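Here is a short briefing on one protein chain. Look at the strands first, then at the chain as a whole.

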Amino acid sequence: MPSTLVEAPRGAGLRADVVVVGTGPAGSSAARTLAAAGLDVVVLEKADFPREKVCGDGLTPRGVKALDDLGVDTTGWVRHRGLRVFGGGEVVEVDWPQLRSWPSYGLIRTRSDLDTVLADHAAAAGARVHTGVQVTDPHLDDAGRVIGVRALVGPGREPATWLAPLVVSAEGTSGRLAKSLGLVRREDRPLGVAVRRYVRTPRATDPYLDISFDLSAAGPSADSMPGYGWSFGMGDGTANVGFGLLDTRRGSGAEPRAVLRRWLATLPPEWQLGEEYAVTPLRGAGLPMALHRGPAYTRGLLLAGDTAGTVNPFNGEGISYALETGRMAAEAAVAALALPEGPAREAALRRYPARLREEYGSHHRLGMGFLALLARPEVVRFATAHGLRRPALVHRALRLMGNLSDGRDGDRFDRALAVLTRLTPAA
């Protein structure tokens, strides 16, 4: 288990090369990368382990690769082979694509387990992981640059200060440190909402993840919301069942929990996915998308994962991008700290937000267009009723939405997608 801070630090402050705030996938990925590069990294987490986190718990092949790149051993984790998609009265099973750049399977792991594994992984590399530390605000020098963080520690809530040349914020949607520097969420970018609970069900070992666009008996309608329902078998007798609203700006005003109940009422009772089979309460969380807060670097502070709004607008996937951006933020910090303090270091750090735009900007722009179409019930009805009858089309849509491609080295579809992405302005 990650180390727990049991005594408040004394004196003027504690020092490190980098302070990372948060031990979700982004924070632990950053910490592992920094520690493996030989830097002294402190990780501060407000909760104790294991901790609850609202999530679908499904890792796509992109997430599997991100874990592999970090050296996480996933032996024995529950695998899934693809998606079962419901829409327009049609149902189709589609396997994850066979590509050179990505694994051909996904994984299931509860976030309480996943986050603990990742924090342990960072600690094993040498990161100093402290829980029960509530970071309150950035510590600034006279020029307004972040040179550490202030926090409240332990049950006594004693004040403490950690000093470091760089801070990585992986706080999630709250983004307390970013807000302190005036980095607020962009209102022109989508913000989603997800609700989920665990239920005991006979469908717990299904090798496919269920995704449904038919959220009522009548399918998509005028009061539909741009989102989907899911049921992901956890392999332990339970399933993660939830609903994702992918863009609150285009919502109908319906309460997401009510949408979930209405959808579940349309499913066969023998699936046992309803509230009466619940083993946990229904919980909700935000889905910050399309690089909705930036720049991802300013004045000594780097943003990663949900803090930077890196969730994929196509499908609400966030874990893989949190893992990737945590690593990229750490790589920027490693490169910068190898340079003398001054313009050269700042130039290296400013390349990080540019890298995010290069990696994700065009795909996010396409995803925002997809969300606009998803908000039109007649389009969803037509696309699902006709598209799901064509497995090859569904397979290609899965590759596009999951951001899974071999690029210009791939097949004809991948090459066409590479051209489209290159021509699409970055979000």
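Four strands form an open sheet in the order E1-E12-E11-E10, with mixed pairing. Strand E1 (14-15) and strand E10 (133-140) stand at the edges with a single partner strand each, so one side of each has no neighbour in the sheet. Strands are DSSP runs of E with at least two residues, and helices are runs of H or I with at least four; both are numbered from the N terminus. Two strands pair if DSSP finds at least two bridges between them.

This is a predicted model: local features need pLDDT of at least 70, side-chain atom pairs count only at pLDDT 80 or more, and totals for chains, interfaces and linings use all residues. Residues are numbered from 1 along each chain as its sequence is written, and side-chain values use heavy atoms, with hydrogens and water left out.

- Strand E11 (residues 146-153) and strand E12 (residues 158-163) run antiparallel, joined by six bridges.
- Val153 has Glu158 in E12 as its bridge partner.

**Strand E13 and its partners**
- Strand E2 (residues 18-21) runs parallel to E13, with four bridges between them.
- Val18 stands opposite Leu166 in E13.
- Strand E20 (residues 301-303) also runs parallel to E13, through three bridges.
- Val167 has Leu301 in E20 as its bridge partner.
- In a regular strand, side chains alternate between the two faces of the sheet.
- Strand E13 (residues 166-169) is covered on both faces: Leu166 and Val168 are buried on one side, Val167 and Ser169 on the other.
- Buried means under 20% relative accessible area, exposed means over 50%, and partly exposed lies in between (1.4 Å probe, protein chains only).

**Whole chain**
- The chain holds 10 helices and 20 strands.
- Its radius of gyration is 22 Å, which agrees with the value near 22 Å for a compact globule of 427 residues. The radius is taken over C-alpha atoms, and the globule rule is 2.2 Å times the number of residues to the power 0.38.
- Along the principal axes, the C-alpha atoms fill a box of roughly 65 × 50 × 40 Å.
- Of the 427 residues, 57% are buried.
- Among contacts (heavy atoms within 4.5 Å) with a separation of 6 or more, 73% join residues 24 or more positions apart.

**Surface**
- The accessible surface is about 17,500 Å², and 53% of that belongs to carbon and sulfur atoms. Areas come from the Shrake-Rupley method with a 1.4 Å probe; for residues, only the protein chains shown count as cover.
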